[in-house]
Amino acid sequence: MDPVSQLASAGTFRALKEPLAFLRALELLFAIFAFATCGGYSGGLRLSVDCVNKTESNLSIDIAFAYPFRLHQVTFEVPTCEGKERQKLALIGDSSSSAEFFVTVAVFAFLYSLAATVVYIFFQNKYRENNRGPLIDFIVTVVFSFLWLVGSSAWAKGLSDVKVATDPKEVLLLMSACKQPANKCMAVHSPVMSSLNTSVVFGFLNFILWAGNIWFVFKETGWHSSGQRYLSDPMEKHSSSYNQGGYNQDSYGSSSGYNQQASLGPSSDEFGQQPAGPTSFTNQI
């Protein structure tokens, strides 16, 4: 048997049917989508400047930008419609910090989800033999839930700034030639932001997955089991005391009933006897 088959036979793939491992596998997949749609993005826009003097016009001004969205470093040249002179401009803004933080969280979340899934499948017994593994898993899950929330929120704000900075109408306002009514400036092609919008959606989906997985990881820790024992012990004591009280009450009821029957016996016999008064009166007559 080859090593791959031996490794597969040793693993307990039934663990993927449990919520703990299944959610980890989803987190792994969604983390890939998150950093791929953001980190692999490249787009651009195209503008045209039609000067009064047609020889000075430029009807195809391409402006390309990509991850990590340091837009202030994206430069381009446009005509001034005043001879052969060219104006060098740059886009406004820098969203690299939020984008890089988002991608970093996604990459590390992917690596941890991959490692945790392997542990769940192939080393499940060692994972559950003491409380150290589940405790570390619980802490890391809480931390990544918080990081996904912060990273997704920051990147959503960064993406909004990127959309404003790369809006063709905003870029046209930077050109001096477009401030002259005689020249015609227009947007030929706008940037496509669908993949970046998808990255934000995957970011918040990852937050939901990691936050929802906190409960299932917490159930593996000793905190949950100790809490269960603490709740079960008072219930057992209450049940035993209740049964003991019921037994005493029954025994007391049966003894009292027995004593009552014994006390009623002689009185019923006394009522069954003939009265002595009239008999003695008849004998006197």
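Ser48 counts as buried, with a relative accessibility of 5% (buried is under 20% relative accessible area, exposed is over 50%, and partly exposed is in between, using a 1.4 Å probe and protein chains only). This is a predicted model, so local features need pLDDT of at least 70 and side-chain atom pairs count only at pLDDT 80 or more, while totals for chains, interfaces and linings use all residues. Residues are numbered from 1 along each chain as its sequence is written, and side-chain values use heavy atoms, with hydrogens and water left out.

**Overall layout**

- The protein has nine helices and five strands; these are DSSP runs numbered from the N terminus, with helices being H or I of at least four residues and strands E of at least two.
- Starting at the N terminus, the order of elements is α-α-β-β-β-β-α-α-α-α-β-α-α-α.
- Of the 285 residues, 31% count as buried.
- Take the contacts with a separation of 6 or more: 73% of them are between residues 24 or more positions apart (contact means heavy atoms within 4.5 Å).

**Around Ser48**

- Ser48 sits in strand β1, which covers residues 42-50.
- Leaving out residues up to four places away in sequence, Ser48 touches Asn58, Leu59, Lys184, Cys185, Met186 and Val188.

**Helix α2 against α5**

- Helix α2 (residues 19-39) and helix α5 (residues 132-165) have axes that come within 14 Å and cross at roughly 30°; axes are lines fitted to C-alpha atoms, for helices over the stretch in contact, and angles run from 0 to 180 degrees between N-to-C directions.
- That is why α2 and α5 are roughly parallel to each other (angles under 35 degrees count as roughly parallel, over 145 as roughly antiparallel, 65 to 115 as roughly perpendicular, and the rest as oblique).
- The α2 and α5 crossing is left-handed, meaning that the near helix is turned anticlockwise from the far one by less than a right angle; clockwise would be right-handed.
- On the α2 side the contact uses Arg24, Ala31, Ala34 and Cys38, and on the α5 side Asp137, Thr141, Trp148 and Trp155.
- By type, the residues of this α2 and α5 contact split into five nonpolar, one polar and two charged; Ala, Val, Leu, Ile, Met, Phe, Trp, Tyr, Cys and Pro count as nonpolar, Asp, Glu, Lys and Arg as charged, and the others, Gly among them, as polar.

**Helix α2 against α3**

- With axes 8 Å apart, α2 and helix α3 (residues 96-122) pack at an angle of about 150°.
- So α2 is roughly antiparallel to α3.
- The crossing of α2 past α3 is left-handed.
- The residues of the α2 and α3 contact come out as 20 nonpolar, three polar and two charged.

**Aromatic pairs**

- Searching the whole structure turns up 15 aromatic pairs; rings of Phe, Tyr and Trp (its six-membered ring) pair if their centres lie within 6.5 Å, and planes under 30 degrees apart count as stacked, over 60 as edge-to-face and the rest as tilted.
- Phe30 and Phe33 make a tilted pair, because their ring centres are 6.5 Å apart and their planes are at 50°.
- Phe30 and Phe33 are three residues apart in helix α2, so about one helical turn separates them.
- Phe30 counts as buried at 19% relative accessibility, whereas Phe33 counts as partly exposed at 33%.
- Phe33 also forms a tilted pair with Phe202, at 5.1 Å centre to centre and 45° between the planes.
- This second pair links distant parts of the chain, since Phe33 is in helix α2 and Phe202 is in helix α7 (residues 194-218), 169 residues apart.
- Phe202 is buried, at a relative accessible area of 16%.
- One aromatic cluster is formed by Tyr41, Phe65, Tyr67, Phe69, Phe102, Trp148 and Trp155.
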